[in-house]
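Welcome! Please take a moment to look over the chain and its fold before reading on.

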Amino acid sequence: MASLCLLVLAFLHILLVSSHVSTGRDGHGLIGYGITMYNPLCAYTCRDVLSTSMLRCSEHTDMHMHGGMLKKREMDMGVETSPECYASDNSFLRTLAYCMSTHCQDVAIWDLEKYWNLNVAGRQPNQPVPRATYQQTLAKIATEPKDKLVVGEELNHTMIVSDEAYQASYNAQAMFEKMENNHEKYG
């Protein structure tokens, strides 16, 4: 009888767990338990550094709060960059591809393509895909960029992300993920 009760409880537990419908995007949930925040970290770092720059398709705003919060960059500059803008701006895409090619050399191309498709425009469930794949975008860079991106300045052609800006963002994201892993583990 006890084994039958355990079997029924196990079945009910499985039924409850499998009937839960998530409204979030796949791959996002408890950090440190099968889910990483920034994988590959090098690609997220490149995207993070570039996200502080205004693009040609960025829009000047009247500083209203959209969804409750604006990024610090957007509050300072009165600028908002939409997912559609990120997915279509050639300067942004090429600079991101170049940064990833220089900092993600130990990451498989398929993993970079997966990141590119899912995260270039942002991290929302229903966002546009980039106008070209990572490899197609990288192939469109005719000459090696010479100009270094000044964080927060307009990104209007293919540029190099400075080692200092990259390393600062890389360290911050790595530490933040480590803290979140510990938070999930220890509460």
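## About the model

This is a predicted model, where local features need pLDDT of at least 70, side-chain atom pairs count only at pLDDT 80 or more, and totals for chains, interfaces and linings use all residues. Residues are numbered from 1 along each chain as its sequence is written, and side-chain values use heavy atoms, with hydrogens and water left out.

## The chain as a whole

Eight helices and two strands make up the elements of the chain; helices (H or I, at least four residues) and strands (E, at least two) are DSSP runs, numbered from the N terminus. Read from that end, their order is α-α-β-α-β-α-α-α-α-α.

Of the 187 residues, 36% are buried, meaning under 20% relative accessible area with a 1.4 Å probe and protein chains only. Among contacts with a separation of 6 or more, 66% join residues 24 or more positions apart; a contact means heavy atoms within 4.5 Å. The chain exposes about 11,700 Å², and carbon and sulfur atoms supply 58% of that area, as computed by the Shrake-Rupley method with a 1.4 Å probe.

## The cavity

Rolling a probe the size of a water molecule over the atoms shows where empty space is left. Here, the structure holds one cavity of 30 Å³ or more. A cavity is a set of points on a 1 Å grid over the protein atoms alone where a 1.4 Å probe fits but cannot get out, and lining residues have an atom within 4 Å of a point. The volume, about 30 Å³ for the largest cavity, is the space filled by probe spheres set on the points.

Which residues line the largest cavity? They are N90, L93, R94, R131, A132, T137 and K140. Two of these are nonpolar, two polar and three charged. Helix 5 (residues 90–103) gives the most to this lining, with three residues.

## A look at S53

S53 sits in the loop between helix 2 (41–50) and strand 1 (59–60). Is S53 buried or exposed? S53 counts as buried because its relative accessibility is 0%.

A polar atom of the S53 side chain lies 3.0 Å from the backbone oxygen of E153. S53 and N156 are 103 residues apart in sequence, yet 9.5 Å apart in space, C-alpha to C-alpha.

Key: On a 1 Å grid over the protein atoms alone, a cavity is a set of points where a 1.4 Å probe fits but cannot get out, and a pocket is an open set with protein on both sides within 12 Å along at least five of seven lines; lining residues have an atom within 4 Å of a point. Ala, Val, Leu, Ile, Met, Phe, Trp, Tyr, Cys and Pro count as nonpolar, Asp, Glu, Lys and Arg as charged, and the others, Gly among them, as polar. Buried means under 20% relative accessible area, exposed over 50%, partly exposed in between (1.4 Å probe, protein chains only). A polar contact is a pair of N or O atoms within 3.5 Å; within protein, one must be able to donate a hydrogen and the other to accept it, and residues adjacent in sequence count only if both atoms are side-chain atoms.
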